[in-house]
Amino acid sequence: MPSITAAAPIFGTPRFPARLWIYTNFHCNLACDYCVVASSPRARRRELSGGRFRGLVDEAVREGFAEIYLTGGEPFIHPDIFSLVEYAADRLPTVVLTNAMLFTGRRRAELARLAGRPGLVLQSSIDGACAATHDRWRGTGSWERAMAGLRYAAELGLPLRVALTQTPDNAGEIDELRGVLAELGVAAADFAVRPLVARGFAANAPGGPAAAGAIAVCDAVMAPELTITADGAHWHPVGGDVESSPDFLVARGGDVTLADAKRLIVERYLVLHPADGARPAAFRCAV
Ligand code: SF4
């Protein structure tokens, strides 16, 4: 068995960043063709309770995590999302990944409450400079609604980041999208282009994942980013759905501690990368 003591220094380095991902829930108002965790309105919800969430944040502080990313599914569907976001952002820099389509009604007013909170950032996905390109993968009307949501968040002064997922359709629109986002106040450094990953729905993309340009990933080629869901602890957020990515599961159970999950990740890392200087590539879901 590899020595944990010897390996402990990898946590907090590029080999194992001190970045904690939490899936607040898995259901989503969309069902994008390439969703890596196969989310949809019908997905098994896997909502985290407020108690479990707050316990994770408290432990993240104790365990030396430097930042928290909340994702799903669509986090803003979670009934307690605003209090969860406040709890996390009051303790650690927090990024919430959202499709930005649900900032209406009660959520619109509650989002305004979050504005001005230090350390809170929203990240969204826009996959083209026009509706047709984005909507082809994400559904009719989704570009307009996402842009309206981003515009509202920008008006509130909430810091925004945007990632574009590469598809066979959008390579020629990246510069134009940069310009569109700049008008919303999204700086060039807060915009990222990330590859399509052959997980979840993308693993079954029409014509096969390779035809869609999706890359294959596994734990051996990705630096771990500890990810917690209602099902357990996972190697990386792109493998957060235990049903479509069972190989990314590190520990099963709704009460896994971060200390245990960190130890298990270090153990697996040492098996995958014995002391030969090998270092897996970072794959950033976030900007
Ligand atoms: S990619 Fe994001 S917005 Fe689309 S179904 Fe998955 S979680 Fe929802």
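**View 1. Y34 and its contacts.** Setting aside neighbours within four places in sequence, Y34 is in contact with W137, T165, L196, F201, A202 and A205 (contact: C-beta atoms, placed from the backbone, within 7 Å). This is a predicted model, where local features need pLDDT of at least 70, side-chain atom pairs count only at pLDDT 80 or more, and totals for chains, interfaces and linings use all residues. Residues are numbered from 1 along each chain as its sequence is written.

**View 2. The largest nonpolar core.** Y34 turns up here again, along with I22, I68, L70, V197, A202 and I265: of the 77 residues in this core, these touch the most other members. A nonpolar core is a set of buried Ala, Val, Leu, Ile, Met, Phe, Trp, Tyr and Cys residues joined through C-beta atoms within 7 Å; buried takes 20 or more other C-beta atoms within 10 Å of a residue's own.

**View 3. The open sheet.** Nine strands run in the order β6-β5-β4-β3-β2-β1-β7-β8-β9, with mixed pairing. β6 (191-194) and β9 (249-252) sit at the edges with a single partner strand each, so one side of each has no neighbour in the sheet. Strands are DSSP runs (E, at least two residues), and two of them pair if DSSP finds at least two bridges between them.

**View 4. β1 beside β2.** Strand β1 (residues 19-23) pairs with strand β2 (residues 67-71) in the parallel sense, over five bridges. I22 has L70 in β2 as its bridge partner.

**View 5. Around the ligand.** C28, L30, A31, C32, C35, S39, G72, G73, E74 and N99 surround the ligand (C-beta atom, placed from the backbone, within 6 Å of it).

Methods. Helices (H or I, at least four residues) and strands (E, at least two) are DSSP runs, numbered from the N terminus. A residue is buried if 20 or more other C-beta atoms lie within 10 Å of its own, exposed if 12 or fewer, and partly exposed in between; C-beta atoms are placed from the backbone. Two residues are in contact if their C-beta atoms, placed from the backbone, lie within 7 Å.
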